[in-house]
Amino acid sequence: MSDLSDLLANNRRWAGEIERSYPGFFTQLAQQQAPQYLWIGCSDSRVPANQIVDLLPGAIFVHRNVANQVHHADLNCLSVLHFAVNSLRVRDIIVCGHYRCGGVKAVLESVLEEKDHGLLDHWLRPLAEVYHRHTELFDGLPLPARMDALCELNVIEQAEHVCSTPVVQQAWRAGQDLSVHGLIYGVEDGLLRGLDLHINGPAALEPRYRQAVAGVLQRAGARANTE
Ligand code: CO
């Protein structure tokens, strides 16, 4: 059994390096956190929030779960959202998905092959419904392109859920400066890509959502043609 001594040694080295580069960093940060961003991402070990955008501790408030889901009855995610918006007053909420997402793959397998993933199928049932609601995006696409399209669509749908929560709706009504964004990360190249989705108020939601979904369709068509 590992006693995690390698992790503790890594940690001491890391904290020392930060302290050398930014003297007083931790004592200052201990006073309070004031992150600009809330990150809602996938639990996947290859998509660590702070690291891929090269930000230090204190910059991002993070919630991660399998396949970056935002369910309207998920008290965990909603509590994070509530605290981030009302107490920390973050300015940007980022829903970040990623290509080759195991959760998204599980959804396709259960939809197309009736494969059983146990509890995961329950967690991801809303995403299976998203797939069924947007069959026009997937019909005729080869499997890899279908997978990419569902990874992208998942981000857009979850960002839409964030915008529809009473927390965000109330913040917008109160005139709070708050935007919701959709990003997707390539585990194969380490690059983040925008999904043309930036929503800064209720009026922007529907047109931006539709534009982003049209973008998924467009990219899927382009991918299918090159395959
Ligand atoms: Co994932």
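I looked up His 71 and found it buried, with a relative accessible area of 14%; buried means under 20%, exposed over 50%, and partly exposed in between, with a 1.4 Å probe and protein chains only. I note that this is a predicted model, in which local features need pLDDT of at least 70, side-chain atom pairs count only at pLDDT 80 or more, and totals for chains, interfaces and linings use all residues. Residues are numbered from 1 along each chain as its sequence is written, and side-chain values use heavy atoms, with hydrogens and water left out.

**Surroundings of His 71.** I placed His 71 in the loop between strand E2 (60-65) and helix H4 (75-88). Helices (H or I, at least four residues) and strands (E, at least two) are DSSP runs, numbered from the N terminus. Leaving aside residues up to four places away in sequence, I found that His 71 touches Leu 78, Trp 123 and Pro 126, where contact means heavy atoms within 4.5 Å.

**Sheet.** I traced an open sheet of five strands in the order E2-E1-E3-E4-E5, with mixed pairing; two strands pair if DSSP finds at least two bridges between them. E2 and strand E5 (191-199) are the edge strands, each pairing on one side only. Strand E4 (residues 179-186) and E5 run antiparallel and are joined by six bridges. I recorded Gly 194 in E5 as the bridge partner of Leu 183. H4 lies across strand E1 (37-42), E2 and strand E3 (92-98), and runs at about 170° to E2. Angles run from 0 to 180 degrees between N-to-C directions, and axes are lines fitted to C-alpha atoms, for helices over the stretch in contact.

**Helix pair.** I then examined helix H5 (residues 102-113) and helix H7 (residues 125-133), whose axes come within 9 Å and cross at roughly 65°. H5 contributes Val 104, Val 107, Leu 108, Val 111 and Leu 112 to the contact, and H7 contributes Leu 127, Ala 128, Tyr 131 and His 132.

**Cobalt site.** I found the cobalt ion coordinated by Cys 42 (SG), His 98 (NE2) and Cys 101 (SG), at 2.0 to 2.2 Å. Donors are N, O and S atoms within 2.8 Å of the metal (3.2 Å for Na, K and Ca); water is not among the atoms, so sites may look incomplete. The donor residues of the cobalt ion follow the spacing C-x55-H-x2-C in sequence. I noted that His 98 and Cys 101 are both buried.
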